Amino acid sequence: MSDKRKVDGNSKNEQLEEYRVDDKGKELTTNQGLKVAEDEFSLKAGERGPTLMEDFHFREKMTHFDHERIPERIVHARGYAAHGEFELYESMKPYTKAKFLQEPGSKTPVFVRYSTVAGSKGSGELARDVRGFATKFYTEEGNYDLVGNNIPVFFIQDAVKFPDLIHAVKPEPHNGIPQAASAHDTFWDFVANNQETAHMIMWHLSDRAIPRSFRMMEGFGVHTFRFVNEEGKAHFVKFHWKPKLGIHSTVWDEAQKINGKNPDFHRADLYDAIESGNYPEFEFGVQVIPEEEEFSFDFDILDPTKIWPEEDVPVKIIGKMTLNRNVDNVFAETEQVAFHPGHVVPGIDFTNDPLLQGRLFSYTDTQLIRLGGPNFHELPINRPVCPFHNNQRDGYGRHTINKGQVSYHKNSLADNTPETVAPKDGGYEHYQEKMEGRKVKARSNSFKDHFSQATLFWNSMSKPEKEHIIEAFCFELGKVQSKDVQQQVVDMFANVNLDMAREIADNIGVKEPTEGGSEVTKVSPALSQENSTKSVATRKIAVLLDEGYNGEVVNNIVQQLKKQGMEPEIIASKLGKLKTDKGPQLEVDNTFLTVDSVLYDAVYVAGGAGQDKTFRDKAGYFMKEAFSHFKPIGATHEGEELLKHLDISSIAAGVITEDSTESFVSRFTEAVKQHRFWERGVG
Ligand code: HDE
């Protein structure tokens, strides 16, 4: 085992190389290395006789297969991951002594796993759900895990309630329904009876819970952590990831359809982006509050149901993460990676947030059952890139061969080594926070305002975002069977906004609340996705074509869209080269059978002189659906005719019809950048 500590962006990749095996071109052997002569027929007593126990090759192969599955994660089971590197822009030395945050330009390898929370390992990825955003930094001082979500607050304030929350959202135990969905009685019963959920629910019902891509969502550490510098001075800190592509979402009808058309939509999107060299990038930001200002806010900064509004405590961007390599093996890496908020490095410490405190217990505990013992840190994906030595020994699946006689501290036989390291030389020292108090099972009064920031979130939404939240409430509560639970939820959310609650009540047929409302008028523009970066990079464009199209023009447009960074795909009634005598014949990427409008960001229809009824019907359905999901629609040539036929007005927002190629490309590009055209008011 190497004892080198110097780490660069490639250190983890180099380490993993020791474990990679390429079976291609090799001879088949048993796990004992014995060459195998026959792998199609088991050993039998006669050609038509019974299989013999003696067939060790059969037994080994079958036994291994029988044990191939491990328990899925109790939460965040459905996930996907990639490797990358983190580069520091600005030194955090004044705030923290963490080595990977000292030298601008320094690079640290990272591994990131994105996930949904509630669904099983095979569930659809477009569920309305929180997304996990867990990052492992392989630093020279050990692994640092930032195990965050794409929503900056949480449902509950105390970890002791986590099993209750998860039991409530998982499929109901008596019938195992529904999968990967919060739209059912037990979840909403939990919400109404645990009103600290209010703020998180507003996020959960917003567009944030149905992201367009893992590459287009923010990440948050959620809890308040502590930075500690060389002098021992501490600051409170919150962590942020900001996607370079901006924050973008799908619409609910689209999300549900994607789950059927391509339940792997998010993982494929991440995988393809990395394979094609469009490396996802996220900037790393910190909000920092000096210890002396702990009580200067109208909320408790340790309460995980609260944000620190960015307008009050600005997010300082200090670095960038680039995901640049897909895993070689999903099980070995993505499935076996073990994150833990307790994996910290000197200069990063915890606070008394009771949700964080409980997590510090849960994560190791869960790996013991999931990964089958205490040696999961030895799995290649989990190994630090720096050396590790201690007196821990044995256990299931131990890889390390610790030499020598001594496995205890203190000792004289090995000169008292492995030896402890003084904090000034890099030994971890817990922050010496002064504590006093009685042992109580209680919650601080400062944690009891559940509604002000829920209203702040509501106030900060644009009109379409507000409409989406109301629709999401109506969907979720509309699926709830208990009138009583529906009423309780509506009455609860009257405390966030009375008009909102009344509209929901009217829609789901319960009594409109008359009391409630909020005094909060504050707005935080940073909370609205409408204010985030807009970009056409990697946007998928469906190009609908039929025979007889103008190959010259269409090819030119397709090339220009590519040049702008978009990813056009040609869709027609059948695969192969699409016939035309006007210019080049283009290769078809997909047919109306293999794809659907919900898998694209925008549609461009050029049609073709040959447009027959089948094409018109199929392309028409495709475009109507894209239109109803507020997506940009472009049409040239015969495509314009088709639009008319479909009753899609060429002057509707985000509909671009134009015969001049140059002007079409530039207007269409602008429209794709907009992402969606809510002003259409359909869908
Ligand atoms: Fe987790 N959470 N969690 N969680 N969590 C797990 O650990 C838990 C919470 C988060 O891709 C589990 O290895 C408790 C908040 C992510 O492998 C488990 C509480 C946040 C992932 C666990 C929380 C998270 C997990 C299941 C309440 C955002 C996936 C498998 C106190 C800041 C990591 C595992 C991956 C996974 C417990 C709440 C994020 C059981 C007890 C808040 C991203 O240990």
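# Reading burial and contacts in a predicted model

Modeller: Asparagine 149 is found in strand β4, residues 142–149. The model is predicted.

Colleague: Why is asparagine 149 called buried?

Modeller: The cut-off for buried is 20 or more other C-beta atoms within 10 Å. Asparagine 149 has 24 such neighbours, so it counts as buried.

Colleague: Which residues does asparagine 149 touch?

Modeller: Leaving out residues up to four places away in sequence, asparagine 149 touches Val130, Arg131, Gly132, Phe133, Phe220 and Val222.

Colleague: Where does UniProt place the feature "active site"?

Modeller: An unreviewed UniProt entry places it at His76 and Asn149. These positions are spread over 74 residues of sequence, yet they cluster in space, with a largest C-alpha distance of 10.5 Å.

Colleague: Where is histidine 76, and what does it touch?

Modeller: Histidine 76 sits in the loop between α2 (56–66) and β1 (79–88). Not counting residues up to four places away in sequence, histidine 76 touches Ser115, Val117 and Gly132.

Colleague: What makes histidine 76 buried?

Modeller: The threshold is 20 or more other C-beta atoms within 10 Å. Histidine 76 has 23, so it is buried.

Colleague: How do you know that the span of α15 is close to the expected one?

Modeller: Helix α15 (residues 613–628) has 16 residues. The expected span is 1.5 Å times one less than the number of residues, and for α15 that is 22 Å. From first C-alpha to last, α15 reaches 22 Å, close to the expected value.

Colleague: Which residues of α15 are buried?

Modeller: They are Phe615, Ala619, Phe622, Met623, Ala626 and Phe627.

Colleague: Why are the buried residues of α15 said to line one face?

Modeller: Seen down the axis of α15, they fall within an arc of 130°, so they line one face of the helix. In general, an α-helix has 3.6 residues a turn, so residues three or four places apart point the same way.

Colleague: What is on the other side of α15, and what covers its buried residues?

Modeller: On the other side, Lys613, Thr614 and Asp617 are exposed. The cover over the buried residues includes β11 (540–545), β16 (602–607), β17 (633–635) and α16 (638–645).

Colleague: Which residues touch the most other members of the largest nonpolar core?

Modeller: That core has 120 residues, and Val112, Met202, Val489, Phe493, Val496 and Ile504 touch the most other members. A second, separate core of 38 residues includes Leu561, Ile570, Phe622 and Ala626.

Definitions and conventions. Residues are numbered from 1 along each chain as its sequence is written. This is a predicted model: local features need pLDDT of at least 70, side-chain atom pairs count only at pLDDT 80 or more; totals for chains, interfaces and linings use all residues. A nonpolar core is a set of buried Ala, Val, Leu, Ile, Met, Phe, Trp, Tyr and Cys residues joined through C-beta atoms within 7 Å. A residue is buried if 20 or more other C-beta atoms lie within 10 Å of its own, exposed if 12 or fewer, and partly exposed in between; C-beta atoms are placed from the backbone. UniProt positions are given in the numbering used here, feature names are shortened, and annotations may be inferred rather than shown by experiment. Helices (H or I, at least four residues) and strands (E, at least two) are DSSP runs, numbered from the N terminus. Two residues are in contact if their C-beta atoms, placed from the backbone, lie within 7 Å. The arc is that of the directions from the helix axis to the C-beta atoms.
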